[in-house]
Amino acid sequence: MTALSRDDARRLALRAQGLLGAPDRRAGVRGVLRHLGAVQLDTISVLARSHELVPYARLGPVGRPAVEAAYWSTADGGTPTARPHSFEYWSHAACILPIEEWPHFAFRRRARRAKGHRWHVMKDSERSCAAVLDRLAADGPLTTSELGGGRNGGEWWDWSETKIAVEWLLDTGDVVCTERRAWKRVYDLAERAVPAELLHDDLDDAECLRRLVTQAGTALGVATRADLADYHRLKGEQVDAVIADSGLVPVEVEGWTKPAWADPAALATAPRGRHRTTLLSPFDSLIWDRPRTERIFGFTHRLEAYVPRPQRIHGYFAMPLLAGGQLVGRVDPAREGTTLVARQVSMRDRKAVAPMARALQEAATWVGCDTVRVDRCDDPQLAAALHTELIRGGD
């Protein structure tokens with residue numbers, strides 16, 4: 001069995017996530033999506049939305065309209081017969097997924113169908129679902145509001161009958177989302193939107209799970225059972241059932257108390273190359289599993305957006321700083337006109353100052369800001385050094 005040091009495991013994880021070595025700019029955003037297998041969506045938009053921040057972290061300042069176009073546009077410019085590149089479905093959370101993975105989520109569609117309902121209850125499910133399908137068949141892709149649905153009141157859970165119906169049809173695979181328009185899901189009939197060679201649920205659960213465990217192992221580089229399960233939100237016993245046939249190989253990792261597996265292709269070549277210096281979305285797949293982040297980087301991170309303000313430690317949307325293959329700080333960003341505001345900054349030590357300044361300036365340019373302002377840094381010496389670096393970098 002291969003034995004890996006802590007540093008070996010960290011470098012394998014970074015390379016597997018596209019954050020060590022030269023990025024494949026020719027493959028672009030779509031290449032990042034195929035490589036990661038899933039890019040999480042989230043409603044929070046501070047510096048940018050999370051699904052924009054993920055390719056930015058790997059490729060650098062790709063134009064934001066180009067990022068959206070890469071995810072949602074079709075191969076030949078959007079004609080009705082064009083092939084979509086991605087679809088949205090439930091993976092780690094609500095995620096953008098490569099369209100080629102459609103068959104491998106059949107196990108989840110079947111499970112949703114067998115459950116028979118969402119947490120919302122429809123008054124007349126058969127009639128409501130039929131009405132949505134008829135409308136989409138007649139009028140083409142539509143948002144919930146265009147379908148005539150939405151919320152009955154002001155609360156997110158108070159959905160209309162139409163909204164419940166179309167989300168149920170999305171869960172079960174009769175309807176698919178291959179586009180978001182102004183952050184709204186655009187629904188279409190799966191039989192029209194998904195390429196014919198992929199539109200099937202023929203794969204049994206074992207084959208679906210085997211593929212997703214293999215894909216997770218490739219995207220993680222090295223992983224425990226819990227890591228593999230968390231990537232696409234599988235159950236531990238589902239991982240157990242297919243791990244022997246996944247192609248992943250057992251390894252021992254220094255300091256890890258649980259068994260681990262690695263991608264054999266990743267083990268064949270030592271991870272080398274340039275480390276990316278960047279700010280990471282809290283929903284980035286490198287760090288979305290908090291116990292794994294602590295195990296690999298010795299870095300404790302928590303999204304505090306839903307924590308009451310007085311109880312926050314690092315800020316509303318604190319973004320970890322990756323530099324030199326380590327997580328060495330974090331910043332809670334905001335934008336005021338053309339100023340990127342670092343509302344709160346923390347850094348591990350003096351060595352993190354220059355990378356933090358570079359990351360802030362690059363991020364500012366990417367989102368159309370021409371100034372960086374630091375509002376708070378609890379260490380006065382590091383605050384002064386960061387101010388100096390920002391001035392120097394702006395010259």
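Modeller: Contact here means heavy atoms within 4.5 Å, and the structure is a predicted model. Leaving aside its neighbours within four places in sequence, Ser281 is in contact with Ser50, Leu53, Ile287, Phe317 and Met319. The residue itself sits in the loop between strand 10 (278-279) and helix 14 (290-297).

Colleague: Why is Ser281 called buried?

Modeller: The relative accessible area of Ser281 is 1%, and buried means under 20%, so Ser281 counts as buried. Its side chain also reaches the backbone nitrogen of Phe283, at 2.9 Å.

Colleague: What joins the side chains of Glu362 and Tyr56?

Modeller: The two side chains are joined by a polar contact of 3.0 Å, a value to be set against the limit for such a contact, which is 3.5 Å. Tyr56 is also one of the residues of a core of 36 residues, which includes Leu47, Phe283 and Val367 as well.

Colleague: How do you know that the length of helix 6 agrees with its number of residues?

Modeller: Helix 6 (residues 125-139) has 15 residues, which at 1.5 Å a residue should span 21 Å, and the C-alpha atoms at its ends are 21 Å apart, so the two values agree.

Colleague: Which residues of helix 6 are buried, and why are they put on the same side?

Modeller: The buried residues of helix 6 are Ser128, Cys129, Val132 and Leu136, and because they cover an arc of only 95° around the axis, they lie on the same side of the helix. In general, an α-helix has 3.6 residues a turn, so residues three or four places apart point the same way. The buried residues of helix 6 pack against several elements, among them helix 8 (161-172) and strand 5 (175-181), whereas the face turned away from the buried side carries the exposed residues Glu126, Arg127, Asp134 and Ala138. Just after helix 6, Gly140 takes a positive phi of about 85°.

Colleague: What makes the pair of Phe87 and Phe105 edge-to-face?

Modeller: The angle between their planes is 80°, and edge-to-face asks for over 60 degrees; their centres are 6.4 Å apart. This pair links distant parts of the chain, with Phe87 in strand 3 (residues 86-90) and Phe105, 18 residues apart from it, in the loop between strand 4 (94-98) and helix 5 (106-115). Phe87 and Phe105 are both buried, and together with Tyr89 and Trp102 they form one aromatic cluster.

Colleague: Which residues have the most contacts inside the largest nonpolar core?

Modeller: They are Tyr71, Phe87, Val213 and Leu228, in a core of 47 residues, to which helix 10 (residues 205-220) gives the most, with 7 residues.

Technical notes:
Residues are numbered from 1 along each chain as its sequence is written. This is a predicted model: local features need pLDDT of at least 70, side-chain atom pairs count only at pLDDT 80 or more; totals for chains, interfaces and linings use all residues. Side-chain values use heavy atoms; hydrogens and water are left out. Helices (H or I, at least four residues) and strands (E, at least two) are DSSP runs, numbered from the N terminus. Buried means under 20% relative accessible area, exposed over 50%, partly exposed in between (1.4 Å probe, protein chains only). A polar contact is a pair of N or O atoms within 3.5 Å; within protein, one must be able to donate a hydrogen and the other to accept it, and residues adjacent in sequence count only if both atoms are side-chain atoms. The expected span of a helix is 1.5 Å times one less than its number of residues. The arc is that of the directions from the helix axis to the C-beta atoms. A nonpolar core is a set of buried Ala, Val, Leu, Ile, Met, Phe, Trp, Tyr and Cys residues joined through side-chain atoms within 4.5 Å. Rings of Phe, Tyr and Trp (its six-membered ring) pair if their centres lie within 6.5 Å; planes under 30 degrees apart count as stacked, over 60 as edge-to-face and the rest as tilted.
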